[in-house]
Amino acid sequence: MKILMALIKKEFLQIIRDPSSIIIAFVLPLLSILIYMYGVNLDSVKVTLGIKNDDPNSEISTLVKSFGHSKYVNSIVFNNEKELTEAITRSKIKGAVIIPNDFSTKLSRGQSGDLLIITDGSEVNTANYVQSYSTSIANGWLNTSKFRRLANPVVVNPELRIWYNQDLNSHYFILPGSISVTMTLIGILLTALVVAREWERGTMEALLSTQVRKIDIVLGKYIPYFTLGMISMMFNVFLCVGVFKVPFRGNFLVLFSVSALFLFTLLGVGLTISSKLKNQFLASQVSLGIGFLPALLLSGLMFPINSMPKFFQILTMILPPRYFITFIESEFMAGGVNSIRLINAFFLTILGLFLFALVYKSTDMRLKN
Amino acid sequence: MIEYFRRILALIKKEFITIWKDPKSRGIIIAMPLLQLFVFANAITMEVKNIDVALIDRSNSVESRELISRFEHSPRFRKFSYVADEKEFKEKIDNQKVQIGIYINNDFASSVKSKKTVNVLVVADGRQTNSAAIAGGYAMQIINSYNSEITGVQGTSINPVIRNWFNPNLEYRWYILTVIIAMLALVITLLLTALSIAREREMGTFDQLIVSPLSSFEILLGKTIPPLIIALVLTLIMTLIVITCFKVPFAGSIWLFLLAVFVSLLSIVGVGLFISSISKTQQQAILGVITFQMPAVLLSGFISPIEDMPLFWQYLTWINPVRFFMVLTRGIFLKGMGFQDVFVNLIPLIIIAIITLSLAGWTFKRKLD
Amino acid sequence: MNTVTITNLTKTFNNLTAINNLSLDIEKGKITGLIGADGAGKTTLIRLIIGLLLPDSGNVEVLGLNPFTQKPELVSKIGYMPQKFGLYEDLTVIENLKLYADLKNQPYDFDKMLEFTSLEPFQDRLAGALSGGMKQKLGLACTLLGTPEFLLLDEPSVGVDPISRRDLMKMVREMISPETTVLWSTAYLDEAHSFDTAVVLDKGKVIYNGKPHDLASTPQEFEEKVIELMGGYKNEPSKIAENYTYNKTFNFDPSPQPSPTRGEGENSSISLPNSPQKGKDVITCTVEADKLEKKYGNFYAVKNNSFCINRGEIFGLLGPNGAGKSTSFKMMCGLTKPTSGTARIMGIDILKNPAKARSNLGYMAQKFSLYGQLTVRQNLQFFAAAYGIGLLDRKKRVDEIIEVFDFQDVQNQKSEDLPLGFKQRLSLACALIHNPPILFLDEPTSGVDVIARREFWNHITSLAKKGVTILVTTHFMDEAEFCDRISLFYKGEAIAVGTPDELKRQAALLNPSPKSSPAREEEGLPTMEDTFITLIKESEE
C-alpha cells in the first residue's frame with residue numbers, strides 16, 4: 001500500500017512538472033467544445049441556391065421571392081442557363097431551382113406543375129437539404145398563392161414530434177456527444193506514452209529491482225490518470241452545462257459514475273498500447289492513428305450505427321465511446337432512463353475489466369533482452 | 001550541384017530506412033489507413049436504415065392498416081411492434097427499443113372516408129437528433145404520398161423533378177470516400193512527420209546533423225521528401241481502391257488530381273514538420289498533432305458546411321489545409337474540376353506549405369540555444 | 001559463506017551467446033569487481049543475478065533464494081543500480097529519495113545521505129538539472145537506501161570526474177556494513193584493483209577470479225595483467241592513421257609531417273601553407289576560441305575562455321562534471337550560440353559560415369548519437385554522404401573504414417544493438433569518414449573497456465602525428481597524459497592551461513607532499529589525478 005501511494009505520488013509530481021498533461025486535460029476540452037459549439041452545425045444549414053424563372057406569369061415571381069425570404073436559403077437569380085451550370089460546377093451555389101415556362105399554366109389548370117430541382121451530388125448532405133428545402137418552400141408558396149383553391153385538401157396530415165429535442169437544436173446533442181470523443185482522445189493520450197517512457201528512460205529497470213509488485217505498477221498508472229481524467233471530465237461537463245447552457249435532465253451522480261467507467265476503459269486502451277509497445281514512437285503512431293477518426297465517425301455521434309451493415313455494427317461494439325455516447329445523450333436529453341444507463345454501464349464495465357486484465361498481463365516484470 | 005543532390009539523397013535514404021526498417025512501424029503506416037478506409041467506406045452512411053417502429057393503431061381499420069402497410073413495404077423500416085397504451089409507447093422510445101413511434105387515432109377511418117383532415121402523430125427519438133429528423137422525414141413522406149393517393153391525382157400540386165448532378169442517386173459512399181481519402185492522408189502524413197524531428201532531438205542525432213556541413217535547407221528537404229513520397233503512394237493506393245473496389249467514378253483529370261494531392265500533402269508535411277520542430281519531446285509532438293488534427297477535421301467542411309459557420313470561424317478555415325484538400329479531391333474526383341478552379345484552391349495550400357516549411361527550417365537554426 | 005552461487009549459467013539473445021556456461025561464487029561481505037571487455041556479458045550477468053532476465057539454462061542462488069522464482073523476496077534484500085539509473089529527471093533530488101525510500105519501505109532519513117553526496121544544497125533541484133557526477137551520486141544514494149544485504153552496481157562511475165569518483169567509492173565503503181556483499185562492475189582498473197576480489201569476464205565466461213593483489217601490486221601493473229588476460233594489446237601502428245589522407249579541399253600540405261608541437265611545449269606555432277581561398281592569410285590556430293562566454297541568466301556557464309590550438313595538437317579539456325566543458329565544446333562546434341566571443345575553425349567563424357567551417361570538422365558526441373535503426377554500414381554511408389563524399393569514393397571509403405575499424409562482422413547489424421565499445425568506435429569512424437583536419441571528441445571513451453581505450457588513443461595520437469588537430473574531453477586521468485596541452489576547467493573558467501607536466505609541477509608547488517598517491521612518477525611529480533584534485537581544491541580556496 002505504501003509502495004502504491006509512493007508511485008501515485010511520483011506520477012502526480014510528473015504530471016505537475018510536465019505541462020503537456022495539463023494541456024491535454026484542460027485545453028483540449030475547451031478547444032473542442034468551442035469548435036463543436038461554433039464550428040459544427042447540423043440543423044439549420046443554410047444553402048445557397050440559384051433560381052431561374054422561365055415563367056413570365058407575375059404570380060410566379062412571388063415564388064422566386066419566397067425563396068429569397070426563407071431563412072434557410074440564400075438565393076441568387078440567374079437568367080442564363082450556362083452561367084447557372086457553371087456556378088454549380090464551381091461550387092458557387094449548392095443547387096438550383098428552375099421554373100419551367102408552363103408552370104403557372106399547369107397550376108392554373110389544376111394540374112401538377114413540374115419544378116426542376118438540381119443539386120450538387122458531390123456533397124450528398126447538402127444535396128438532401130437542397131431537395132427538401134426547395135420542395136417545402138414551393139409547397140408552402142402553393143398553399144398561400146392564388147392556386148391554392150385548386151389544390152387538394154390534406155386529409156392525412158403527418159404531425160412530427162421530435163421528443164427530447166423538439167427544436168432540433170443540434171448543439172443539444174452534439175455538445176454532450178463531443179465530450180465522448182474528447183474524452184477518448186484525452187484518456188488515450190494521457191496514458192499511451194507513460195509506460196513506454198519508463199522503459200525508454202531506464203526508470204522501469206530500477207523500479208523492477210525494488211519490491212514493487214505488478215499490481216502496484218498497474219494501479220500506480222491507473223489511479224493518477226484516472227483522477228486527472230475525472231477532473232477533466234467535470235470540466236467538460238461544466239463547460240457544456242454551465243457555460244454553454246446545454247439543458248441537463250439527468251442525474252449528475254449517475255453521469256459521473258458512468259463517466260468513471262468510461263474513463264477506466266479508455267485508460268486501459270492507452271496503457272495497453274504503452275505496455276505492449278514499450279516504445280514512445282510506436283505508441284504515438286498507434287494512438288494518433290486510432291485515437292480520433294474512429295471515435296468521431298464510428299461511435300454513432302455523426303453517423304447512425306443502426307444503419308451500418310451487421311458486421312460493422314458488431315465491430316463498433318469494441319469502441320468504448322459508442323456506449324458512452326448513447327448514455328450521455330440520453331442522460332442529458334431524456335433524463336434517467338434506467339435500462340439505457342444499465343446496459344451501457346454494463347458493456348463499459350466488461351470492456352474496462354478486459355482491458356485492465358490485458359494491461360496487467362502486458363506489464364512485464366522482467367526484461368525481454 | 002551533383003554533390004548537393006547526393007547529400008539530399010543520402011538524407012532521404014536514411015529517413016526511408018528509419019521509417020521502413022521497423023516492421024511494427026511499417027505495419028502501422030500501411031495497414032492502418034487501408035483498414036480504416038475499408039471500415040469507414042462500409043460503415044458510414046447518412047441514410048437511416050433498419051428503423052424500428054412502435055405503433056398504436058386505435059383506429060384498427062382497413063384504412064389504418066393500409067397506411068401501416070406502406071411503412072411495412074418501405075425498405076427503411078424494419079420491425080413493427082404494436083403497443084397497447086401510451087405508457088408502453090413511451091417506454092419503447094425511452095429505452096431506444098424503437099426509433100420512431102406512430103400513433104393513429106380512432107377517428108382515422110371515419111375522417112379518411114369523409115375527407116376530413118386527421119392528424120397522424122409521428123414521434124422520433126431526438127437524442128439522436130440527426131437521424132431522428134431524417135427518419136421522421138421518411139415517415140412524413142410515406143404519409144404524404146398516402147395522402148395524395150387517397151385524395152386522387154387531380155388538383156394543383158407541385159411535382160419536384162430532381163436532378164442530382166455528379167452523383168445521380170446521391171450515393172453517400174461516393175461522397176464519404178472522396179472525403180475519407182483526404183482524412184486518412186492527413187492522419188498518415190502527420191504521423192510520419194510530427195515525430196521525425198522531435199525524435200531525433202530526443203535521441204541526440206539532430207545535433208549530429210547540425211554539426212555536419214548540411215545546411216538547414218538540405219536537412220529540411222531530407223525531412224520533407226520521404227514522408228511526402230510515402231503519403232503520396234498511400235493516397236494513390238487508396239484512390240485506386242476507391243475507384244476499383246468501391247466503383248466510384250473518377251470524373252476529372254488524373255494529372256490535376258496528382259498535382260492537387262501533391263500540393264495538399266506538401267502543406268500537411270509542412271504543418272507536421274513545423275509541429276515537430278517546435279517540440280522538445282515526442283510527447284509534446286503528439287499533443288501538437290492532436291491539437292491541430294481535431295480542429296482541422298472538424299472545420300474542414302466535412303462535418304458541417306463552412307458557409308454555415310460564424311464569420312470568424314470561416315476565416316479560421318483559411319489556414320486549414322484539409323479544407324482545400326477535401327474540396328480538391330471531391331471536386332476533381334466527382335465533378336471533374338478544371339484547371340482554373342483547381343488552381344484557385346492550390347494557392348492557399350502553397351502559401352501554407354511555404355510558411356510552415358520555412359518556419360520549420362528556421363527553427364533548426366534558432367534552436368541552437 | 002557465499003552470497004551468490006552460479007552454476008552452468010547460459011543466456012543467449014538471438015543466436016548471440018552473452019553468458020556461456022558460467023559458474024561463479026561471490027563471497028559474502030566482500031567487494032567484488034566485475035571487469036571485462038565490452039560485450040563480455042557483465043550487464044547480462046548482473047541482470048540474471050537479480051532475476052531481471054531469465055536464463056536459458058543453469059542455476060543461480062542469491063542469498064539462499066532463486067532469483068527466477070523468488071524475485072519478490074529477493075529484491076527486498078538487494079540494492080541494484082543499473083547503468084542507466086532510473087532517476088526521474090522531472091522529480092527533484094528529495095522527491096527521488098523519498099520515492100525510493102517508500103518503494104523500499106524505509107523512513108525518510110536522508111541527512112547522512114545528503115551530507116555524503118553533498119547534495120544538501122540541491123535538494124529541490126530537478127534531478128535532470130544535476131551534473132553527471134551528482135546524478136550518479138543521487139542514484140547511488142537511492143540504491144543504498146535501506147542498507148541492502150547485497151549491492152549490485154553496474155558501472156556507476158561512467159562519465160564521472162575523478163573527484164566524484166572518489167566520493168562514490170567513499171560512499172559505498174562507508175555506508176555499508178561489514179556483512180554487505182558488493183558486486184561492482186567497472187571500466188576503471190584502479191578502482192577494481194582496490195577491491196577484495198576481481199572477476200574478469202570474457203565472452204560470457206569467467207577467465208579470472210581472485211584477489212587483485214595476487215595478480216599485481218600496483219594499479220598500473222594490474223591494468224597490464226588484466227589486458228593480458230583479456231587477450232593482450234599489441235601496440236600496432238594505427239591503420240586508421242595510416243589510411244588518413246588530407247582531403248585536398250582543406251588546403252593542407254598533403255605530405256604527412258610529425259606534429260611540431262609534440263614535446264616542444266605550446267609556444268611553437270606553425271604556419272600553414274597558404275590557402276587558395278583565403279589568399280595570403282596564414283592560419284595560426286586551426287581551432288581558436290576568442291573570449292568565449294556563455295551566460296544563462298546571471299549564471300556564467302563559461303567565462304572568458306580563450307585558447308588557440310595548433311595543427312596536430314591534442315588539446316584536452318578537463319574538469320569536474322558541470323564545470324562548463326560541454327558548453328565550451330558545443331560553442332566550438334556551433335551547437336550553442338555564445339553570449340559573446342567567437343569560435344573559429346580553420347580561421348572560419350563557425351556562426352558566420354557554418355557549413356564551410358563544419359566541413360573541416362569531425363564530431364563525436366558524448367552520448368551515442370548515431371541512427372540506431374540504421375546498420376553500421378548504413379550509418380557510415382550516410383555520414384559519408386552528409387560530408388559530401390562523392391558516390392564512387394563513398395563506397396571505397398566506407399569499405400576502407402569498415403576494414404580499418406574491424407567492422408566486417410557487425411557491418412549489417414543495427415547500430416543500437418551493438419555493445420557500447422563498438423558504438424564508440426562507430427562514432428569515431430563516422431567522425432573520421434571524411435578525413436577531417438580537426439576532430440572534436442566529447443568524452444569519447446566513457447564506458448569503454450581498457451583495451452578499446454588503448455586502441456582508441458593509439459589512433460588518436462597517430463592521427464595527431466599526421467597533423468590532425470584534436471580537441472578532447474575526458475575523465476580518465478591516464479588519458480589526460482596523452483594530451484599535448486590541457487585546459488583545466490572549473491566553474492566555467494579555465495583555471496590552468498599547460499602541458500601535463502607543467503600542470504603537475506604547478507600542483508607540486510601548491511601541495512609539496514600530495515597525500516598517499518599510489519604511484520609517483522620518477523621525478524617525484526604527483527599523478528595526474530592528484531594534480532587534478534589539488535588544482536581544483538586550490539581554486540576553490
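The surface between chains A and B

Mentor: Between chain A and chain B there are 42 residue pairs in polar contact, with both residues at pLDDT 80 or more (N or O atoms within 3.5 Å, one able to donate a hydrogen and the other to accept it; residues adjacent in sequence count only if both atoms are side-chain atoms). On the chain A side, helix H2 (residues 19–39) gives the largest share, eleven residues (helices are DSSP runs of H or I of at least four residues, strands runs of E of at least two, numbered from the N terminus). The residues on this side comprise 63 nonpolar, 35 polar and twelve charged (Ala, Val, Leu, Ile, Met, Phe, Trp, Tyr, Cys and Pro are nonpolar; Asp, Glu, Lys and Arg are charged; the others, including Gly, are polar).

This is a predicted model, in which local features need pLDDT of at least 70 and side-chain atom pairs 80 or more, while totals for chains, interfaces and linings use all residues; side-chain values use heavy atoms, without hydrogens or water. Residues are numbered from 1 along each chain as its sequence is written, and chains are lettered from A and ligands numbered from 1 in the order written.

Four salt bridges join chain A and chain B (a side-chain nitrogen of Lys or Arg within 4 Å of a carboxyl oxygen of Asp or Glu). One of them pairs A:Glu123 with B:Arg330, whose closest N and O atoms are 3.3 Å apart.

In total, 110 residues of chain A are in contact with 112 residues of chain B (heavy atoms within 4.5 Å). The two chains bury about 10,200 Å² between them, 65% of it from carbon and sulfur atoms (accessible area lost on being put together, 1.4 Å probe, summed over both). A:Val155, A:Val156 and A:Leu288 supply 8% of the area that chain A buries against chain B, more than any other three residues.

Chain B and chain C have zero salt bridges between them, and four residue pairs are in polar contact, both residues at pLDDT 80 or more.
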